[in-house]
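User: Hi! Could you walk me through the strands and a pocket in this one?
Analyst: Happy to, here it is.

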Amino acid sequence: TYSKTLYFNAYSISSIISSRTNGQLVMYAAFGHLGRSIDKGLTWQSITCQGASKRFKEFIFSDIVEDCDNSKTFYTSGILYGEQDSIYIFRSEDEGLTWEVTWKEYLQGYDVGVYRMKMHNNNLILLTSNGLFSLNIKTTPTLVESTIAKNKTVTITYDAETRAIYTETKSPISTITLTDIAGR
């Protein structure tokens, strides 16, 4: 039997997912909000986001996926309206009740939007307007702002008096390798 339980503009909802382990849990992603039902969609509640709450209504959420290993953990993707150079990934570890920004990718000069997201093993595969991205949720640190295309500039200086090499960048450095002309 069909019954209308929630009214939204048909164009604003981009994704609906039901939990594979909790038969009562249903969630949706939409322009400016995420929603959650714990009674198979009979009633709905809006859900919040930690760390981005002031601008939460400005996010365009596109998809929700359930973690393969943890049925209480879900991921959603979105872009911040007016900031199309950034892809955001949000994570919920309490069946979608609360969300936090867990990863951000800044692609300067690209008009990036996430259309779909799939979970494959420990990877989130993101279909974007700029190609496919893969994010390993087990090895990528949380709350990290990726430096791909954000800041490729590293300044390296040599102080002859102290025989020291200094590096400067606006982004975190995990490894620097210097090789001389002889390959050493």
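**Strands and a pocket**

Analyst: Strand S2 (residues 26-30) and strand S3 (residues 33-37) run antiparallel and are joined by five bridges. Strands here are DSSP E runs of at least two residues, numbered from the N terminus, and two strands pair if DSSP finds at least two bridges between them. This is a predicted model, where local features need pLDDT of at least 70, side-chain atom pairs count only at pLDDT 80 or more, and totals for chains, interfaces and linings use all residues. Residues are numbered from 1 along each chain as its sequence is written, and side-chain values use heavy atoms, with hydrogens and water left out.

User: Which residue in S3 is the bridge partner of Met-27?
Analyst: Arg-36.

User: And what order do the four strands of the open sheet take?
Analyst: S1-S2-S3-S4, with antiparallel pairing. Strand S1 (13-18) and strand S4 (45-46) are at the edges with a single partner strand each, so one side of each has no neighbour in the sheet.

User: New topic: which residues line the second largest pocket?
Analyst: Among them are Ser-14, Ile-60, Gly-78, Tyr-115 and Arg-116. A pocket is an open set of points on a 1 Å grid over the protein atoms alone, where a 1.4 Å probe fits, with protein on both sides within 12 Å along at least five of seven lines; lining residues have an atom within 4 Å of a point.

User: Which strand gives the most to that lining?
Analyst: S10, with three residues.

User: Where does S10 sit in its sheet?
Analyst: The open sheet runs S10-S11-S12, with antiparallel pairing. S10 is an edge strand, as is strand S12 (131-136), and each pairs on one side only.
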